[in-house]
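Please look at the sequence and the structure below before reading on.

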Amino acid sequence: MSEEIKVDATMDLKGLKCPLPIVRVSKKVKDEMQVGQVLVAETTDPGAHADFPAWAKTSGNEIVKVEKGDVSKFYIKKLK
Amino acid sequence: MNREKIGTITDLMKSRLTKPMQYYLDLCTRCGLCYDSCHVYYGIPKREYTPVGRAETLRRIFRKYFRPSGRFFPYWGEARELDDRAMEEVREAAFSCTGCRRCMVNCPFGIDTGYLMTMAKLMLIGNETAPEELVILADSAVEKGKSIGEFKEGFKSVVGDLEKIVQEKLGRSSPDGLIPMDNGGASVLYAGLAGAHSIVNPAVIFNAAGESWSLSFFEAVNFGAFLGDPEKMQFIANRIVKEAIQLGVKELVITECGTAYRIQRHMLGTLPFKVSSIVEVIDRYLREGRIKVKAGAISEPVTYHDPCQLGRNGGVFEEPRRIIGELCTDFREMTPNREHNWCCGGGGGLVALDNEKFRVQSGLVKRDQISATGAKLVVTACENCVSQLDTIKSGYGMDVEVKYLTELVADNLLL
């Protein structure tokens, strides 16, 4: 049984145009989240499945879980 | 500001001192004709939002470090030393300019303020005060290029989920899939954006035309260019070039993104394949009879916004008009249009920044242009323009709908 992830905040990014999903997530994680907290980003962009992991890698954060669907959910843990 | 930082910034300036750059920096009679060319000045009539105002911010620093008059007689030479205040002004100049180059068209000497602002953006990178949003986006795009193997499967799997939407729109399926990726031997590589609309609508059109195509793993947009970092710009553009060469395609088709089109088509030199905008390709399919649309399907008044990088800076003017002409019975041109069209205010990376109030104000002239046509539907062919037109629409409470050209075509195909 998978461990349940404690979610600290959720962002609705559905329908946002390029490049706002990454911009908004990045700002939220940097300015409003504490290290160790988890943000769930909900998006309808297929490109997010490559863009979010690339952003996490460059920004030093971690995507701990992805729920794929018409609306995909990215669980992003702030690491620094 | 310490000597080391000044040295870094002036070295970066020197790296951009091409002959045209020096010409633009030295030559300006301050005639003021550019004032009325800038959409920002139209909405916010302040000197700093004129093309010459932006250029002078840069010129004063240039004179101080690169011209004897400014070095030895700074007051007479109207020179300015680099300091934090000067760099704040450089940032305001660079990121209030969309690089639309409307001022260049109206300048008697053809001074290219957009080009001048590439130096300003590079200075901001050296000063570590470039907009963080654009740094993040450019770095992520570079990382994606370096580690695409890690992200491929996730992207492929989600794109596969879009198949059913394409099937519904097209009314048929295909054993090989309707959104091919990694399709060696395809004629066309299509570079879209992150959003589903930039994949689904072109997929419907390509399949309707019977095109042999492949969807790129990379987004077409180039955040390195918006940031003003030449190395990142080149790397990001080359991700797609490499993929096209690897697949052996004859043509690279760029989605509705003006900057991506201009960079891939006009700024990479000679490539072993043709580069086209999706707009040019749709027009070609229509003329060759490979696709058909419901003639005159739209009777409400329609206008077209020329994206600056696709139109004035890319040369694509008639293709979108021919496409709209087949679909719409009441097409109304904005005045002025084509190479003289007003910028909407969304280019240059500005839509990524936290500046909505500024963008609404700088979109005033576009509001006026659209309103004067009486159009109920505004069609365009650039993601940034659609975003900005939506911002203008809500900012001024306009009763219009904004649509992508590909969406208009895909929704009105005769299948």
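What follows is a short report on chain B and on a helix of chain A.

This is a predicted model, in which local features need pLDDT of at least 70 and side-chain atom pairs count only at pLDDT 80 or more, while totals for chains, interfaces and linings use all residues. Residues are numbered from 1 along each chain as its sequence is written, and chains are lettered from A and ligands numbered from 1 in the order in which they are written.

**Chain B**

The secondary structure of chain B consists of 21 helices and seven strands, where helices (H or I, at least four residues) and strands (E, at least two) are DSSP runs numbered from the N terminus. Two residues are in contact if their C-beta atoms, placed from the backbone, lie within 7 Å, and a residue is buried if 20 or more other C-beta atoms lie within 10 Å of its own.

| Property of chain B | Value |
|---|---|
| Span of the C-alpha trace along its principal axes | about 75 × 50 × 35 Å |
| Buried residues | 54% of the 415 residues |
| Contacts joining residues at least 24 apart, among those between residues at least 6 apart in sequence | 76% |

**Helix α2 of chain A**

Helix α2 of chain A covers residues 48-59, and its 12 residues should span 16 Å at 1.5 Å a residue, which agrees with the 15 Å between its end C-alpha atoms; the expected span is 1.5 Å times one less than the number of residues. Of the 12 residues of α2(A), 11 are buried, including F52(A) and W55(A). The buried residues of α2(A) pack against α1, β2, β3 and β4 of chain A, together with α9 and α10 of chain B. After α2(A) comes G60(A), whose phi is positive, near 75 degrees.
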